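Colleague: Can you walk me through this one? I would like contacts first, then salt bridges and helix packing.

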Amino acid sequence: MATYIANRLLLAIPLVLGITLITFSFISVAPGDPVMAMINPEEEMSAANLDRLKEELGLNKPIIVRYAIWLGQLARGNFGYSYHTGEPVLRRIAVRLPATLELMGFALVASSVIGIGLGVLAALKQYTIWDYLLTLFALFSISIPSFFLALLALYVFALKLGWFPTFGMRSVAFDAPPALLDNLHHLVLPGVILSLDLTAGLTRYMRSGMLEVLGQEYVTTARAKGLKETSVVVGHALRNALLPVITIVTLRLPILFGGTVIIETMFQWPGMGRMAIQAISQRDYPVLMGLTFIAAVLVLFSNLTADILYAVADPRIRHG
Amino acid sequence: MANTPLQENDPEQVDLNARKSPNTVGSRFRRHKVAVGSLVIIAFLGLIAIFAPIVAMQDPYTVDLDSIRQPPSADHILGTDSAGRDMWARMVYGARISMSVGFVANVISISIGVLIGTVSGYVGGRVDNILMRFTELVMNFPTFFAILMLVALLGPNIINVMVVIGVLGWEGLARLLRAQVLSLREQAFVEAARCIGTPHYRIVFRHILPNLQPYILVAATLGVAGTILTESALSFLGLGVQIPQASWGSMLNSAQSLTVLTNSPWLWLPPGIAISVAVLAMNFVGDGLRDAFDPRMEV
């Protein structure tokens, strides 16, 4: 098992290098200049001063050299400095990370619990009205854009009914409820909307997984030896049907991360997704590179986790 | 010949064939009522997009600052937007842009996917190895994030949106097709073709590609749904189609302000519903097609 994990980690390194190198090159050759973004357009600036600024930022070296420098700094834990605020990129990301993790964590837990539950329900009640409604729910959740759902939710639950706040992570009012409750209150709308897509996917996978497992001989055996239906479903069927779900959940993590960009922007949630949009509009390349690196590592990490969890959960596929 | 292996003139045999209910892909698809209804909706939206200048009745770009954010009325059946432009006309022209972005981007990714999948599976060896490592690389890109960044860096406009979405969306299909080609390549009819000296390009075009058609068709239908969603999200964030051009997503952009959201629902409800209906219909058709071809197909 240890060798397997080590092998997979080694294979992941060229992928991270490839992704960051490609992103780095694109950022470097793209039109739009961070120097221009920094200076005040009202004031004239001499060409010599412009060149000096470029020199200071290291923008006149060849791409591959700049990439090597960036990589070397990264290895020492230096993600560079924001062009916009001059802050270290790592610190900016570290400040925003908890908010994104909270949002993603909520969505992940909510969709796993609800998605698996609904999928099992749909499978046990196959071809009934429940099954039909759940399939429809899944298709609607996949098809309606999350930002439109967010607009609808904001309109109905926040503006018309006033049940939930419209933006932010916590209230600034003096009479605000205790911090944790207040935070959860803010989390409900963005969290639920972010989770819908994954919930729908899991419902569909869980339904077909359960149906397949319920048709297996060992389930018939379990029933034949007189086990209670609940222990057949939970102990025999569910455990085996959960296996592929592990892969789905972990492989969907990057999509969830992409979803935070939209949700965080709409609910003004102070996380990395919203920072990405700001960094893009400000052409803050070091921040963008830092975020790409984090995102790439997240993708590879989730792939690796999927494989390892699968190997742990299913003794039939123990890797050497 | 004493024995007759082929009893073509046996009356009973003919009779049996005649009574057999049709079980073609087309008939199985037609039995899927929701999918057929969805296909009609898509055709309808397509017609609106094609005949936009006639259906729109008004110009979608005419700014009229005397009548901004007017609720629906006889003059403007869906009201006017923040610059006094007619919402119905913008919806109709938006259909044109949203659907053509979805279509073109998808043609790009399907082409790349088919090319890489087929070459990789058919040629095999080192070529396969290199192409698959490359596919893995693209697959491991955090897609939406990468699309967002590329579009922003290249400059947000309709062409760049199409190209970027297309170029980053082919990995799944390529891998799926490669696996199919790998198994097709070993089948007897391909081996027979090779034995009689059929050139490779002919084997690929006559024997391999036609067998991939179901996968490509289903992937394309579901792909258009995904692409329309991605485009709308980009345009919603202001990184897609730019004003004054209208796509359904960019029309929703103004609803990011709470005033518009609260006071002018006619500005964001219709385009939001349009996107949802179009994507839902595409997904239904894709599902119907998959069930008609082979329910266990993993696209």
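Modeller: Starting with the interface, 44 residues of chain A are in contact (heavy atoms within 4.5 Å) with 38 residues of chain B. This is a predicted model, where local features need pLDDT of at least 70 and side-chain atom pairs count only at pLDDT 80 or more, while totals for chains, interfaces and linings use all residues. Residues are numbered from 1 along each chain as its sequence is written, chains are lettered from A and ligands numbered from 1 in the order in which they are written, and side-chain values use heavy atoms, with hydrogens and water left out.

Colleague: What area is buried between chain A and chain B?

Modeller: About 3,600 Å², with carbon and sulfur atoms giving 82% of that. Buried area here is the accessible area (1.4 Å probe) that two parts lose on being put together, summed over both.

Colleague: Which three residues supply more than any other three of the area that chain A buries against chain B?

Modeller: Phe147(A), Phe148(A) and Leu151(A), which supply 16% of it.

Colleague: How many salt bridges are there between chain A and chain B?

Modeller: One. Asp287(B) pairs with Arg204(A), and their closest N and O atoms are 2.9 Å apart. The rule for a salt bridge is a side-chain nitrogen of Lys or Arg within 4 Å of a carboxyl oxygen of Asp or Glu.

Colleague: And what is the count over all chains?

Modeller: Nine salt bridges. One of them joins Arg92(A) to Asp284(A), with the closest N and O atoms 3.7 Å apart. Arg92(A) lies in helix 5 (residues 89-124) of chain A and Asp284(A) in the loop between helix 11 (272-281) and helix 12 (285-313) of chain A, so the bridge ties together parts 192 residues apart in sequence. Helices are DSSP runs (H or I, at least four residues), numbered from the N terminus.

Colleague: Is Asp284(A) buried or exposed?

Modeller: Buried, at 0% relative accessibility. Arg92(A) is buried as well, at 14%. Buried means under 20% relative accessible area, exposed over 50%, and partly exposed in between (1.4 Å probe, protein chains only).

Colleague: What about Asp128(B), which partner does that have?

Modeller: Arg178(B), with the closest N and O atoms 2.7 Å apart. Asp128(B) sits in helix 6 (residues 125-139) of chain B and Arg178(B) in helix 9 (residues 171-185) of chain B, 50 residues apart. Asp128(B) is buried at 11%, whereas Arg178(B) is partly exposed at 21%.

Colleague: Switching to packing: at what angle do helix 10 and helix 11 of chain A pack?

Modeller: About 80°, with the axes of helix 10 (residues 229-266) and helix 11 lying 7 Å apart. Axes are lines fitted to C-alpha atoms, for helices over the stretch in contact, and angles run from 0 to 180 degrees between N-to-C directions. That makes helix 10 of chain A roughly perpendicular to helix 11 of chain A. Angles under 35 degrees count as roughly parallel, over 145 as roughly antiparallel, 65 to 115 as roughly perpendicular and the rest as oblique.

Colleague: Which residues make that contact?

Modeller: Helix 10 of chain A contributes Phe257(A), Thr260(A), Val261(A), Glu264(A) and Thr265(A), and helix 11 of chain A contributes Met272(A), Gly273(A), Arg274(A) and Ile277(A).

Colleague: And how do helix 5 and helix 11 of chain A pack?

Modeller: At about 135°, with axes 8 Å apart. Helix 5 of chain A and helix 11 of chain A are therefore oblique to each other.

Notes: Helix = DSSP H or I, 4+ residues; strand = E, 2+ residues; numbered from the N terminus.
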